[in-house]
Structures are given as structure tokens and as C-alpha cells.
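Sequence and structure are shown first.

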Amino acid sequence: TCQVRVQDHFQEQHTHDLYLILMLLGCICLFYFIVVAVVGHGTSFYFIWLFLALCSFLSALSVRTGIITKYLPMWLKRLFLILVGIGAVLFVVVEGMIFTGYVQRGESDCDYLIVLGAQMKPDGPSRVLQYRLDAAYDYLVENPDTKVIVSGGQGSDEMISEAQGMYDYLAGRGIEKERIIREDRSVNTVQNLKYSAEFLDREQDSVCIVSNNFHMFRARRLAEKLGYQKVCGLAAKGDPVLMANNMLREFFGVMKDFTYGNL
């Protein structure tokens, strides 16, 4: 009887601790959702943090009420734990690969830069895009023989194409207009690289791709898959506040492109 009571006590403590952890995770996700909404964002992906918060709160409620313990068969709970474990390992591996893009600093005297597009706002480039353009500007100043392809079409919420906005930004900072080539048809990273390749020789020209650090791994792998033979990456910084959101979004981007055979 004493042993049973001890086991029950440990079970209750475990349940209580799990409940608190899930509630804490829910609060963190909800708080981060609010922060991203206030700070700014390029897409509606950040709503995933609200979804995760709701999932955490519902899971905490189910633990507190004992629904999972009472009604789910053991084999289903074990299957769920196995799937969660596999998903966690996959997430860690993919995020590790994404982090390798953070250290890419490019190579000197490339024939071309390709600056991948991002959102253009009415008053100019978004922060994410400006970081890319600033990195490209520094490279072009240090390597005066390099030409730059600014790549990005016009979204439904943009006044001009991303390519035109990038052209205006670089030209406005003093980069010679004849060095800037506009590619204004693409709507995603694969198209950025595919259409930009029409202005260069994928096998002979050396190419440096400019994107934010969280996006660099996928961008370079996509370029290699598309036949770029001499390619390197130049990682621009990302917004520190949006890092978690961007890294999570990039995880799904890598998985999608892997599923589609783009990587």
C-alpha cells in the first residue's frame, strides 16, 4: 500500500510538472506571436506561433484532466511519442544544416552577385531586403568588376517589383547603373535563381548569392541543383527578434524543397 501511494505521488508530481511546462510553452509562443505582430513580418507565417500556443494550452488541459491517460490506448501513446521523437531529431538536423549558412562570407572577384528578392514596402525595402542590399553594396564597392543581378517580381501588395526597388536602392547609393541587371519575373527562390541564370553562364561564371543568414543554406543548395558550377554564398544578417520565426519558417522551406526534389 505504501509503495502504491509513493507511485501515485510521483505520478501526480509528473503530471503537475508536465502541465506547468506545457502552460509555460503556450505562454512563450503566445508572447512571441504578439512580439512578431508588433515588430513586423513579411508573411502571415507568424500565425503558427498562435497555433502552437493553442496546441500547448489544449495539451496542458488534457494532461490536467487526465483525458490522455484515461482514454488513449497505450500503443497509441507510444506511437505518438515515437513520432514526436523522430520529428524532433529531424528538426535538429535540418536546423543544423540551416545554421551552416550563417558563416558563408562569399569569395572575392566573382563575375556576378545575385541578390534574392524580399518584400518591398511603399517607403522602400523591408528590413530583411535592406540587409541583403547593404551586404551586396559592400561587396560591390570592394569588387568593382563584379556585376549584380537583382531578382524579384512584383507581389500583389507591392507598388513596384522587388528588382526595381533593389535597382533604385543600389543606384541611389552610387553603384553604377550599368552594373545592375534587373530580373523581375520571379516569385520564389527557385525562380530567382532560374531566371537570373539567363543573364550568365552557369558553368563558367563565378556567382555569389546574397541572402539573409537563415536563408543562405537553402539558396546555395538550390543554385547547385539548378546547375551553378561556381557558386558561393554571402550571408547578410537577419533581424534578431525574428530569428526564431525565420528559422522555423526556413525548416518548412527546406522540407518542401527536399520533397519537391529541388535540393
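## Sheet, crossover and salt bridges

Leu113 has Cys208 of strand S6 as its bridge partner. The model is a predicted one. Strand S1 (residues 112-116) pairs with S6 in the parallel sense, over four bridges. Strand S7 (residues 230-236) also runs parallel to S6, and seven bridges join the two. Within this second pairing, Ile209 stands opposite Gly233 in S7. Between S6 and S7 the chain passes through H8, and this β-α-β crossover is right-handed.

The whole sheet is open and has five strands in the order S5-S4-S1-S6-S7, with parallel pairing. Strand S5 (180-183) and S7 stand at the edges with a single partner strand each, so one side of each has no neighbour in the sheet. On average, neighbouring strands of this sheet are turned by 25 degrees against each other, direction ignored.

How many of the seven residues of strand S6 (residues 206-212) are buried? Seven of the seven are, so S6 is largely enclosed by the rest of the structure. Helix H8 (residues 213-225) also has buried residues, among them Phe214, Met216, Phe217, Arg218 and Leu222. Just after H8, Gly227 takes a positive phi of about 100 degrees.

### Salt bridges

The count of salt bridges comes to eight.

| Arg173 | Asp134 | 2.9 Å |

The side chains of Asp134 and Arg173 meet in a salt bridge. Asp134 lies in helix H5 (residues 127-142) and Arg173 in the loop between helix H6 (162-172) and S5, so the pair ties together parts that are 39 residues apart in sequence. Asp134 is partly exposed at 22% relative accessibility, and Arg173 is partly exposed at 36%.

Glu176 is partly exposed, with a relative accessible area of 37%.

### Surface and loop

Which residues form a nonpolar patch on the surface? The patch consists of Trp75, Leu76, Leu79, Ile82, Leu83 and Ile86, with about 610 Å² of accessible area together. Trp75 is found in helix H4 (residues 74-99). At 58% relative accessibility, Trp75 counts as exposed because the cut-off for that class is over 50%.

Asp109 is found in the loop between H4 and S1. Although Asp109 is not a glycine, it has a positive phi of about 60 degrees. Asp109 is exposed, with a relative accessible area of 57%.

Methods:
Residues are numbered from 1 along each chain as its sequence is written. This is a predicted model: local features need pLDDT of at least 70, side-chain atom pairs count only at pLDDT 80 or more; totals for chains, interfaces and linings use all residues. Side-chain values use heavy atoms; hydrogens and water are left out. Buried means under 20% relative accessible area, exposed over 50%, partly exposed in between (1.4 Å probe, protein chains only). Two strands pair if DSSP finds at least two bridges between them. A crossover is right-handed if, with the strands pointing away from the viewer, the path from the first strand over the helix to the second runs clockwise. Patches are made of residues with over 30% relative accessible area and no salt bridge: like charges are joined within 9 Å, nonpolar side chains (Val, Leu, Ile, Met, Phe, Trp, Tyr) within 5 Å. Accessible areas come from the Shrake-Rupley method with a 1.4 Å probe; for residues, only the protein chains shown count as cover. A salt bridge is a side-chain nitrogen of Lys or Arg within 4 Å of a carboxyl oxygen of Asp or Glu. Axes are lines fitted to C-alpha atoms, for helices over the stretch in contact, and angles run from 0 to 180 degrees between N-to-C directions.
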